[in-house]
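Here are my notes on the model, for reading beside the coordinates. They are set out as numbered points.

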Amino acid sequence: MSTAAPAPKKVYFVSLGCPKNQVDTEVMLGVVRERGHVLVDSADEADTLVVNTCGFIEEAKEESIDTILELGRAKAEGKKHLVVAGCLSQRYPDELAKELPEVDYFLGSADMLGLQKVLDGTAPRSGVTPLSRRSYLYDHGTARQVIGRAHSVYMKIAEGCDRPCAFCIIPKLRGPQRSRTIASLVAEARGLVDAGAREICLVAQDLTTYGTDLDDAPQIEALLDALGEIDDLRWIRLHYAFPTTCRDGLLDRIAGHPKVASYLDVPLQHVDTEVLKKMRRGYTERVVRDLVERLRARSPHIYLRTTMLVGHPGEGEEAFRRLYGFIEEGAIDHLGVFPWSREEGTHAALLPGRVDPELAQERQIALMELQEEIRLRKHQSRIGEVVPVMIDRVSDESDLLLDGRHEGQAPAIDGRVIVTDGSAKAGEIVLARIVQADAHDLVASLDLDARSL
C-alpha cells in the first residue's frame, strides 16, 4: 500500500545579508517549488517560517537575532515550524539552540537542500547542531527560484575562501574555495537569460581566484569570454575581486569587452601599509595605488566600488589620515565604510592596539561625508551627458517615473537613474540625457533621438 505524499506546506522566507546569501535563499526557494510547496507573503499565512541569516559582523548578527525573535513571536500565534539557516547557525549552533528553544531546525551555511527533509517531515528535530555540509556547491542543475528583478540576477561562481584576513570569519563559516566549472556557469547563465535576465552579477567570496582549485585551473578571463557569447545578455558585472589578483587580462575585459560592465567591486579595506599588514591582506599601499592607476590608464570611465574598514587594531591617527587622503583624491566612485568589530575566532580579535569604538564611528562618518561631497561633484559634472540606462521598474514615487541604472551602478547599492519621461520595460536599455544630480541619484530624460539599445 503506497504512502500518501505529505501535504504541501505554506512557507514564508526572510533573507538577510549579502547577494551570496540571496543566491542561497533562491536555492532553498527552488526546493520549495520542486517539492510542491507554496511560498506565501506573510508569516501569518505560513506553517513554516524560514530565515536565512548572516553572521559576518556584529550588526548583521543583531539583525539576524532580531528577525529570529520576531518570527518566533509569529510562530507562537499558530502551529508553525521555525527554521534558521545560514552563517549564524553555522557559527553558533549550540549557543543558538540553548538560547532560542523556539527554533525547530537549524541548517548550516551550505545545507540549503536540507530544507527538503524539513518540509517533507523527515528531518530530525535537531536544535543542537546544524546539518553542516560546507563542501556543498550548487550547480546549473539545481532548482533555483530567482527573487526580485528577473532581468538582473546574481550568479555565484564559487563558494568559500582561502584568504587569511585577520578580521574575517568567512573561511571558517563557508570553508575553502570551491569553484564551479565554466560549462556549469554558462549553462546556468543561458537558463537565466532564457528566463529574462539581461544583467548577470557574478559573486564569490574571492572572484579573482576563481578556478584555481579546479583541475584545468580556468581563470575568470576565460569565464567572461564564454559568458560573452550568450545572446541577449547585455551586462556582466563583477563583485568582490581581490587587489593582488586583478590581472591585466581582467582589466582589459572590463575596459573593452562589450558585455562586461565597466565596473569593478574590489574591497581594498585600507591603504596604510602597516594596517594592511595587521589585517593580513598580503599587499601594500603601492599595490592599491598601482591597481587604481592600471584601471584609469585603460579607461577613465571604469567605475570603482570598494569598502574600507576603519578602527582595526593598530589604526593610529596617521594611518587614518593616510586613508582619508586617499579617498580625498577622488579615485573611488562608490564607497562603503565599516567600523571594525571584534569577532571571536578571528586573528584580529587577539590583536593589541584597539581603537575606541566611538572614534571608529567618527572615522566612518568622516569618510562617508567626504565621499558624499566627491560623489556630488562627479554627478553634477555629468549633467548633459547621454548614457545607456537599464530600466529596473516603475518608480515607487510615481507611476510617471522609471527607476533605472547606468553601467556604473550595481543593483540596490550604487544609487539610481530616475527617468522622468517616456516608457520602457524592465530590462530594456534606453538612451537618456542626465538633467539633474545629487550625491546619490541622477535624474534623466529620454533623449529626443534615443532608441532602445
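1. Start with the crossover. Strand β10, helix α9 (residues 248-256) and strand β11 form a β-α-β unit, and the unit is right-handed. Bear in mind throughout that this is a predicted model.

2. The two strands of that unit pair directly. β10 (residues 235-238) runs parallel to β11, with two bridges between them. Within this pairing, L238 sits opposite L264 of β11.

3. L264 also has a partner in β12, namely L304. The pairing of β11 (residues 260-265) with β12 (residues 303-310) is parallel too and counts three bridges. How much of β11 is covered? Six of its six residues are buried, so the strand is mostly covered, given that buried means under 20% relative accessible area.

4. Six strands make an open sheet in the order β6-β9-β10-β11-β12-β13, and the pairing is parallel. Which strands form the edges? They are β6 (152-156) and β13 (334-339), each of which pairs on one side only. Ignoring direction, neighbouring strands are turned by 20° against each other on average. As background, strands of a sheet pair through backbone hydrogen bonds, either parallel or antiparallel.

5. Two helices to check against the sheet. Helix α7 (residues 182-194) packs on it and touches β6 and β9 (199-203). The direction of α7 makes about 165° with that of β6. Helix α12 (residues 317-328) lies across β12 and β13. Its angle to β12 is about 165°.

6. Salt bridges come next. The model has 42 of them. One joins K156 to D24, with 2.7 Å between the closest N and O atoms. This pair links distant parts of the chain: K156 belongs to strand β6 and D24 to helix α1 (residues 19-34), 132 residues apart. Are these two residues buried or exposed? Both K156 and D24 are buried.

7. A second salt bridge connects E329 and R289, whose closest N and O atoms are 3.0 Å apart. E329 is in the loop between α12 and β13, while R289 is in helix α11 (residues 285-298), so the contact ties together parts 40 residues apart in sequence. E329 has 49% relative accessibility and therefore counts as partly exposed.

8. R294 pairs with D290, and their closest N and O atoms are 3.6 Å apart. The two residues are four places apart in α11, about one turn of the helix. Why is D290 classed as partly exposed? Because its relative accessibility is 31%.

9. Some salt bridges join up into a network. Its members are R393, D396, E397, D403, R416 and D441. In general, side chains of opposite charge can pair when their charged atoms come close.

10. T53 is part of strand β3 (residues 48-53). It counts as buried because its relative accessibility is 0%. A polar atom of the T53 side chain lies 2.7 Å from the backbone oxygen of A85. Beyond its neighbours within four places in sequence, T53 contacts N21, S64 and I68, and also V84, A85, G86, C87, L88 and S89.

Notes: Residues are numbered from 1 along each chain as its sequence is written. This is a predicted model: local features need pLDDT of at least 70, side-chain atom pairs count only at pLDDT 80 or more; totals for chains, interfaces and linings use all residues. Side-chain values use heavy atoms; hydrogens and water are left out. Buried means under 20% relative accessible area, exposed over 50%, partly exposed in between (1.4 Å probe, protein chains only). A polar contact is a pair of N or O atoms within 3.5 Å; within protein, one must be able to donate a hydrogen and the other to accept it, and residues adjacent in sequence count only if both atoms are side-chain atoms. Contact means heavy atoms within 4.5 Å. Two strands pair if DSSP finds at least two bridges between them. Axes are lines fitted to C-alpha atoms, for helices over the stretch in contact, and angles run from 0 to 180 degrees between N-to-C directions. A crossover is right-handed if, with the strands pointing away from the viewer, the path from the first strand over the helix to the second runs clockwise. A salt bridge is a side-chain nitrogen of Lys or Arg within 4 Å of a carboxyl oxygen of Asp or Glu.
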